[in-house]
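Open the model in a viewer and keep the selection panel at hand.

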Amino acid sequence: MEGRRLDLGLLDPLGLHAGYAGMAEAQGAGAPPVVLLGRSGGHLSLGAAQGAAAELDRAACRRHGVSVLRRPLGGGTVWVDARQLNYFFLFPAGSGPARPAAAFSLAAPVVEAVHHAFGLPVAGTGGQDFWCCGRKIGGTGAATLGHTLVLGGSFLLDFDATAFTRCVAAPSPGYREWLGEALGGSLTSWAREGVGGVAASAVAEAFWAALAAQGWRLQPSAPSVAEEAAMVEAREGLDDLDWEEDARRRVPNGIKLKAGAFLTERHWDGGQWLRVWTDAGRFRRVAGSAFPAVLAEGLKGLAPEDERFATLLDQTLGVEAPLWRERLLVMAVWTD
């Protein structure tokens, strides 16, 4: 596949997202594909359909000096900083895949090859994520901007879980504690897998080499005057985050950890509450105001369809079992 390649270098958060968005908007139908690389300073990036107040703790973001913006690509809330190398595949109409799934299928072998070149056994999973040894090491988001389908993701050289965890909307300190634990069990990075200290420039070289090895013929390029102007316009459009808008969480009552894994918590009148961590179709961990330790322990590893699930609730909670069974099943999230 013939096209252009650009490395935008290290940018401020708005510059990163305005870079690929402006480039995408500036492409006409039939223009050749464009592949971008770029990095940015630390910030929280909301998915295109997410509301800031629903997903984040505004006071915590202010307290810790964390900037927040909503990117034009889909997906959930992610932490982005200079220890990540972000990539973007731009396919103007008529130049390549027209749907995100097809774009992922085209990009995934390249992303996998880069990881493999550094000894990381990474594989694309679920049509949007990349996993390494059972943990997520990268995700992607997509959207059509103007005439251009954009698929973006990152090489997660390292990850600041603390910066992410302390700013996510949390109904209780216990939820935030579990979130830190859950992220540790669900996400990984190059550094965590023992591949630390790799320069972003080395990963960029491997990325361009992997593209060439898989038949991509990309010419080094720079933004045109029109593309630069589109980036400036895109930047202005991104700088308008509304913390007062009425929005629901992307995952009701909680957050997606990785494909098939979620953490939720809900509170009711009278001090009643329930916290649920699900993973791969089973309860990973459960706690609640009416859940004694023996019940919480017994639920670990069970699926709702297991016979022991209903029996355990009945034996432990008695007449309150139907109420909490319903709440537990409503709270548990299995797929995005």
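Select Cys-167 first: at 0% relative accessibility it counts as buried (under 20% relative accessible area; exposed is over 50%, partly exposed in between, with a 1.4 Å probe and protein chains only). The model is predicted, with local features needing pLDDT of at least 70 and side-chain atom pairs pLDDT 80 or more, while totals for chains, interfaces and linings use all residues. Residues are numbered from 1 along each chain as its sequence is written, and side-chain values use heavy atoms, without hydrogens and water.

A disulfide is a pair of cysteine sulfur atoms within 2.5 Å, and the count is zero. Cys-167 is in none; its nearest cysteine sulfur, on Cys-61, is 4.0 Å away. Now pick Cys-133, which is exposed at 55% relative accessibility.

Next, select Phe-89, Phe-155, Trp-190, Phe-207 and Leu-211, which touch the most other members of the 33-residue largest nonpolar core (buried Ala, Val, Leu, Ile, Met, Phe, Trp, Tyr and Cys joined through side-chain atoms within 4.5 Å). Centre on Phe-207: beyond its neighbours within four places in sequence, its contacts (heavy atoms within 4.5 Å) are Val-35, Leu-37, Tyr-87, Phe-89, Val-110, Val-114 and Phe-155. A second, separate core of 25 residues includes Phe-164 and Trp-243.

Finally, show Arg-71, Gly-76, Val-78, Lys-136 and Gly-139, which lie nearest the centre of the largest pocket among its 46 lining residues. On a 1 Å grid over the protein atoms alone, a pocket is an open set of points where a 1.4 Å probe fits, with protein on both sides within 12 Å along at least five of seven lines; lining residues have an atom within 4 Å of a point.
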